[in-house]
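Work through the exercises below with the sequence and the model at hand. Each task is followed by a stepwise solution.

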Amino acid sequence: MSGPAAGVALIALTAAALPLITRDSYYLDVATTILMNLTLTMSFRLQISTGQINMAHISFMGIGAYASALLVTRAGLSFWATLWIGALVAASLAVPIGSIALRVSGPYYFLITFAFSEVVRLFFNNFFEGLFGGPSGLVGIPKPGRVLGLAFDSKLALYGLMAVMCVVVVLALVRLDYSRFGLTAGAIRQADLVAETLGVNVFRYKLTAFVLGSFVAGLAGVFFAHFRQVLHSSDFGLEPMVLLVVFTVIGGTGSVWGPAVGTILMTIASELLRELHHYEILVFGAVLILTMLFAPEGLVALPSAARRLLRRRRRQATAPAGAGLAP
Amino acid sequence: MSIELLVQALLNGFGLAMVYVLVALGLTLIFSILEIINFAHGEFYMLGGYITYYAYALFGLNYFATLGLAILTVGLAGVAAERLIFHHLRGRALNAFIVSLGLLWVMQAGAQLAFGVLDKPVPSAFSGVVRVFGLVMSVERVVVTLSAIVLIAALYLFLRWSRPGRAMRAVAQDPDAAALQGVNIDAASALGFGVGCALAGGAGGLLAPLFAVSPAMGALPVVKAFIIIIVGGMGSLPGAVLGGLLLGGVEGLGALFMGSAAVNILGFLMVIVVLLVRPRGLLSGA
Amino acid sequence: MMRIRASIATIAMVALVAAGIATRGAAQDKTLTIGVLGPLSGGAASYGVELVRGAEMKADEINKAGGLKVGNDVYHIKLVSYDHKALAADAATAANKLVFQDKVKYIIGNAVGATCNAVQTVTEPEKVLFSFVCWGTNNLGPDKPHSFRAMLSQWEVAEPFYRWVKEKHPAVKRVALISPNDTSGKDTNTAVVKALKGLAFEVAADEYYERGTKDFYPILTKMLATQPDMLDVAAAPAGEAGLILKQARELGFKGAKGWTAGTNPFTIIGVAGKDAAEGVWSPTNINVKSDFVSPTVRRFGEEYEKRYKEVPGVIAVANYAAFDVFTKAMQDARSLDTDKVLAALTQKPFDTVWGKLVLGGKETYGIDRQFLYPVVISEIRDGKVVDIAQVLPAALKK
């Protein structure tokens, strides 16, 4: 258990150390975005780990965000209450949606969840405009209120809040990954039918992962609403969803740390490339293609791949005229 | 609301459905042979559009010759994409999906770089409108729909009777068995990808004079194509035609009764309902 | 495998070096950095690209003339422009980068309504002066004293435009409107409907379509069934407006045509074709090729076309003019301090490519932050844009 614990500790320490190095608003903003995306990609991987690409993951972030924004601005609730309510709304909507979507699998699952996400986005954009703001979006969402004598009106405080949320979520997800649940999920991914015949209720596992993931996405969404203070349906559309998939897969879905590596590297790269305009997506696209071709297991698998390669080299060096049938 | 209006609305919906069916058939062909969901499919459609712009609108080549050129060039581009990229990703659906996203970005940004950002108009090859019983449709749309039907029929005959077509179907059904029968899997895959892209290129060429061309033009048809294949059933040609007609009809009629922006939700709701009732689409495996 | 790692490393290095070169820029003694935001890739890219080009034209003009003289100092102008892909959250991050990383005090140019709101959450608390061409009504207000709209919006042009229509074309009684389903579209239709009702027109249809739509047969069938005398492609961008007009003609529409929030008339003529575009009236088109515009505008148009191989639309001209107004205000204030420049901006009229320009709009927005300049009404005749009338916004008459 030292591996995962060390990983979480590393994330927590890095997050805690950042404000000591810089308090520049821009860096804090990017760091907050990374932590927010990290909770999203980690919870997204939880579902990929059962072998399914859920293209509606971002919608549950949107549901949490809109729910909290409305409850705070219309019903006058406190952020600290809606943080949980928003996430619970997302999770409870995930039960029926997940139950429907998980009846199909593979590409059908991919496309039905994509359909769900478009329905949600178009709903926020075109229906009940007085409530959701329609295509103009929602503006004037307040920052989190004071709690326990702490104010959350500065970039630093919001960063701290997100860091705590992220570390708690990552800790929980890593525990889960190394638990019986995680092992079962792995078994389901590798052999759906075998797991089924061994008495695993595959559907229930997948649904649990779906609802749990949606709960976390909802949490991130609530934070997003009060961090950005502006909501628009396009923030929960195909483009940001695609970025989540990219972050996760580039990092590597095989390891619980893949999404972390992918999210951090890709977000920093995209900030560095922001000035390149459309060349940015040109470079990004090329990087995606090359990474998937030459590092198919994702970036986290590179060190072990290199080690394997080195070992093989060494073996070749000791037995230069090795047998032709070596494995 | 008059009957005439209802029929016109249906006609509007069906009007271009066959072109989207072409895009969808390309997508489903690629999926059944390589098990890849090609997100960059719309970019091949865009490529077909720009070939039409340059060859027909600027260079003055004959419209149908241009269409042939678009189909051929985009088909070759597809073969190249398969050999250089997707070939190495067989059996890795997730990786292939990410790569297709990368390809989408590269092609879209490349188009913006090469062709500029503004919409480029392509003049109509046919003018005038057809009026029957108070119903209206432009000659251009009639020609486009007929051309699309011809292409669909050609694809059907190719898959049904030609040697490479049958090889492709064999690979789609069971690659291992096909390989045992002596089918060259590599060749069939490359050809399948090429034909799939060629269909998108043809659709782009057909619609270019109707819709003008722009670097981001591929997004819309590919979403429609997704809806069509999922409703009709992956890998089914008649299913795609049925899916196209259903989507066109629902959207055409829907536009009468609700805001046009909200109509887009209907297609996605249809996907959800169909998959609930028939988890593999209406005509899967046909 | 070694080769693989090397190639990835190379890509990463190239990317980093490219970004490094891009951000370092020219190191002169006095540099004024000005930010531009906008969608520079994807479906709305044409807006952002025109904003950047307009700013580039003005910045280069100033730099070539030896820099911007403010008080006793001469500044070299450096432009920093970021792509926000028309996404609100991305726009907030980009604005953060401009304000806190590049230390920009002026952001001249942004488009797409929802992103404007997001940028304002960053610029207003930091007192960064921010001008944009977004049409959201709520983008201007007393709570946003540092925000400006650098282009006439529907609230300024709809009423004078339809007053002109009523006077010159009394046969037009029923008007059908269509706009994209976004902030600018919604607000444009709202403003036009208000103007129409005030002038006793009938609103035959008030419709929205999802941006990116290409096939307008379904929505047009419904709209034309209401038998309008005039079709206004209100806030539709040039390409889509062209498609609507072309398809309306195919469906048998023969009435009058308007484009209240017109942008690039040359694109509309190209896409719709000469016949379908014939007779379109628009109050906001800029026709850089017209014989009536000032030599400065014509020269701007020629240089722009030479440099970018595309004809400038109204957004390019608007941002060019905004850049001009802001730099002139800096010179008037003899300072780069935003408070002083803000005071200089609202003090007196400016002489621009639009003609005389003042900041007004208090009646509509509660604060004078809207650029006001003469409204030129143009008509498309035989594939050419002809200016036919000029109307002054109320504030400019004073």
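**Exercise 1.** Describe the secondary structure of chain B and state how its extent compares with the globule rule.

Solution. Step 1: in this predicted model, chain B contains twelve helices and two strands. Step 2: reading from the N terminus, the order of elements is α-α-α-α-α-β-β-α-α-α-α-α-α-α. Step 3: the radius of gyration of chain B is 19 Å, and the globule rule gives 19 Å for 286 residues, so chain B is as compact as a globular protein of that length. Step 4: along the principal axes, the C-alpha trace of chain B spans about 60 × 50 × 35 Å. Step 5: of the 286 residues in chain B, 61% are buried. Step 6: among contacts in chain B with a separation of 6 or more, 77% are between residues 24 or more positions apart.

**Exercise 2.** Carry out the analysis of Exercise 1 for chain C.

Solution. Step 1: chain C has 15 helices and 16 strands. Step 2: its radius of gyration is 22 Å, close to the 21 Å from the globule rule for 398 residues, so chain C is as compact as a globular protein of that length. Step 3: the box filled by the C-alpha atoms of chain C is roughly 65 × 65 × 40 Å along the principal axes. Step 4: the buried share of the 398 residues in chain C is 60%. Step 5: for chain C, 67% of the contacts with a separation of 6 or more involve residues 24 or more positions apart.

**Exercise 3.** Which elements of chain C supply at least two residues each to the side that touches chain A, and which to the side that touches chain B?

Solution. Step 1, chain A: 41 residues of chain C are in contact with 40 residues of chain A. Step 2: the elements of chain C that each supply at least two residues to this side are α1 (2–24), β3 (73–83), α3 (88–101), α4 (113–123) and α6 (183–198). Step 3: α1(C) gives the largest share, eleven residues. Step 4: by class, the side of chain C that touches chain A holds 22 nonpolar, 13 polar and six charged residues.

Step 5, chain B: 33 residues of chain C are in contact with 33 residues of chain B. Step 6: here α2 (45–64), β8 (202–209), α7 (217–224), α8 (238–250) and α9 (265–272) of chain C each supply at least two residues. Step 7: the side of chain C that touches chain B divides into twelve nonpolar, 13 polar and eight charged residues.

**Exercise 4.** State how β3(C) pairs with β1(C) and with β2(C).

Solution. Step 1: β1(C), residues 31–38, runs parallel to β3(C) and is joined to it by eight bridges. Step 2: in this pair, C:Gly35 stands opposite C:Val80 of β3(C). Step 3: β2(C), residues 68–70, runs antiparallel to β3(C), with three bridges. Step 4: C:Leu68 stands opposite C:Tyr75 of β3(C). Step 5: the hairpin of β2(C) and β3(C) has two residues between the strands, and C:Gly71 in this hairpin takes a positive phi near 60 degrees.

**Exercise 5.** Is α9(C) largely enclosed or open, and what covers its buried residues?

Solution. Step 1: the buried residues of α9(C) are C:Pro265, C:Phe266, C:Thr267, C:Ile268, C:Ile269, C:Gly270, C:Val271 and C:Ala272. Step 2: eight of the eight residues of α9(C) are thus buried, so the helix is largely enclosed by the rest of the structure. Step 3: the cover over these residues includes α8, α10 (274–277), β11 (280–282), β15 (375–381) and β16 (384–391) of chain C. Step 4: after α9(C) comes C:Gly273, with a positive phi near 90 degrees.

**Exercise 6.** Which residues touch the most other members of the largest nonpolar core?

Solution. Step 1: the core has 359 residues, and B:Val21, B:Leu22 and B:Val23 touch the most other members. Step 2: domain 1 (2–151 + 296–373) and domain 2 (154–283) of chain C each give this core at least three residues. Step 3: apart from neighbours within four places in sequence, the contacts of B:Val23 are B:His41, B:Tyr45, B:Leu199, B:Ala200, B:Ala203, B:Pro221, B:Val222 and B:Ala225.

How values were computed: Residues are numbered from 1 along each chain as its sequence is written. Chains are lettered from A and ligands numbered from 1 in the order in which they are written. This is a predicted model: local features need pLDDT of at least 70, side-chain atom pairs count only at pLDDT 80 or more; totals for chains, interfaces and linings use all residues. Helices (H or I, at least four residues) and strands (E, at least two) are DSSP runs, numbered from the N terminus. The radius of gyration is taken over C-alpha atoms; the globule rule is 2.2 Å times the number of residues to the power 0.38. A residue is buried if 20 or more other C-beta atoms lie within 10 Å of its own, exposed if 12 or fewer, and partly exposed in between; C-beta atoms are placed from the backbone. Two residues are in contact if their C-beta atoms, placed from the backbone, lie within 7 Å. Ala, Val, Leu, Ile, Met, Phe, Trp, Tyr, Cys and Pro count as nonpolar, Asp, Glu, Lys and Arg as charged, and the others, Gly among them, as polar. Two strands pair if DSSP finds at least two bridges between them. A nonpolar core is a set of buried Ala, Val, Leu, Ile, Met, Phe, Trp, Tyr and Cys residues joined through C-beta atoms within 7 Å. Domain bounds come from an automatic or database domain assignment.
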